[in-house]
Amino acid sequence: MSKDRLAAFMDAVLAIIMTILVLELPKPDPVTLDGVLALGNTYVTYILSFFWLGTMWIGLHNEWHHIRVINNKIVWLGIILLFVTSWIPYSMSVVALDPMNRLAQGLYGVSVLLVTFVNMILSFALYRCHYDIEECDSERHKWLLKIRYIPDIIIKIIGIYVALFVYPPAMIYSVFLAMLWMIFPFERFYDKKKS
């Protein structure tokens, strides 16, 4: 299978998953300003989930840019990534039912963390599988993978813990912080460090 075929498939499925997010939003009842405002936490969860998935898509696009060929391991990791990502709309809809429910936020957190773990494994597998070394500084890429994913996972684990035992909406905040961490331009710091 060509990398372009898998990338196109993954793009299509991610687009569908991101579309399903909005379909899972509850309707305001009654349809008044107060009814809309009552769903504020749900809208925040939707917006964060959408942009978090968008950030993941951008990261995948950037990682796949230098890949020449893929193997079966990459194909299956891509399928597994799509599978765990497909749980995001469901877990978001559970949070929408009761944003202050610890278990609902924990389910959302576990879904987000699973996506992060599989995405990290896929990133490392892509790195090991036929990276175009002429275009990519391998030391730089390894450093970027570690500096992005390790704190990202720690932020989400703390979010799950706090959501389950202290303050349920903490999971939403941790997803937001993790998303900001992932979009931070660490490449500039590495390039300055090396010069």
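The lining of the second largest pocket in this predicted model divides into six nonpolar, two polar and three charged residues. The pocket has a volume of about 210 Å³. Its lining consists of K3, D4, A7, M10, D11, L14, W57, L60, H61, W64 and H65. Helix α1 supplies the largest share, six residues.

Helix α1 (residues 3-23) also packs against helix α4 (residues 72-85). The two axes lie 10 Å apart, at an angle of about 5°. Angles under 35 degrees count as roughly parallel. Helices α1 and α4 are therefore roughly parallel to each other. On the α1 side, the contact involves L6, F9, M10, V13, L14 and I17. On the α4 side, it involves I74, V75, G78, I79, L81, L82 and T85. By class, this contact has eleven nonpolar, two polar and no charged residues. M10 and L14 of α1 take part in this contact, and M10 and L14 are also among the residues lining the second largest pocket.

A further helix pair is formed by α6 (residues 102-128) and α8 (residues 170-183). Their axes come within 9 Å and cross at roughly 25°. Helices α6 and α8 are therefore roughly parallel to each other. Q105, Y108, G109 and V112 of α6 meet M171, I172 and V175 of α8. Five of the residues in the contact of α6 with α8 are nonpolar, two are polar and none is charged.

Helix α5 spans residues 87-97. Its buried residues are I88, P89, S91, M92, S93, V95 and A96. These buried residues pack against four helices, namely α1, α3, α4 and α6.

Within α5, V95 was examined individually. V95 has a relative accessible area of 1% and is buried, because residues under 20% count as buried. Leaving aside residues up to four places away in sequence, V95 touches T45, A104, Q105 and Y108. V95 and T45 are 50 residues apart in sequence. In space, their C-alpha atoms are 8.0 Å apart. Two of the partners of V95, Q105 and Y108, also belong to the α6 side of the contact with α8.

Methods: Residues are numbered from 1 along each chain as its sequence is written. This is a predicted model: local features need pLDDT of at least 70, side-chain atom pairs count only at pLDDT 80 or more; totals for chains, interfaces and linings use all residues. Side-chain values use heavy atoms; hydrogens and water are left out. Axes are lines fitted to C-alpha atoms, for helices over the stretch in contact, and angles run from 0 to 180 degrees between N-to-C directions. Angles under 35 degrees count as roughly parallel, over 145 as roughly antiparallel, 65 to 115 as roughly perpendicular and the rest as oblique. Contact means heavy atoms within 4.5 Å. Ala, Val, Leu, Ile, Met, Phe, Trp, Tyr, Cys and Pro count as nonpolar, Asp, Glu, Lys and Arg as charged, and the others, Gly among them, as polar. On a 1 Å grid over the protein atoms alone, a cavity is a set of points where a 1.4 Å probe fits but cannot get out, and a pocket is an open set with protein on both sides within 12 Å along at least five of seven lines; lining residues have an atom within 4 Å of a point. Grid points are joined across faces, edges and corners, and a volume is the space filled by probe spheres set on the points. Buried means under 20% relative accessible area, exposed over 50%, partly exposed in between (1.4 Å probe, protein chains only).
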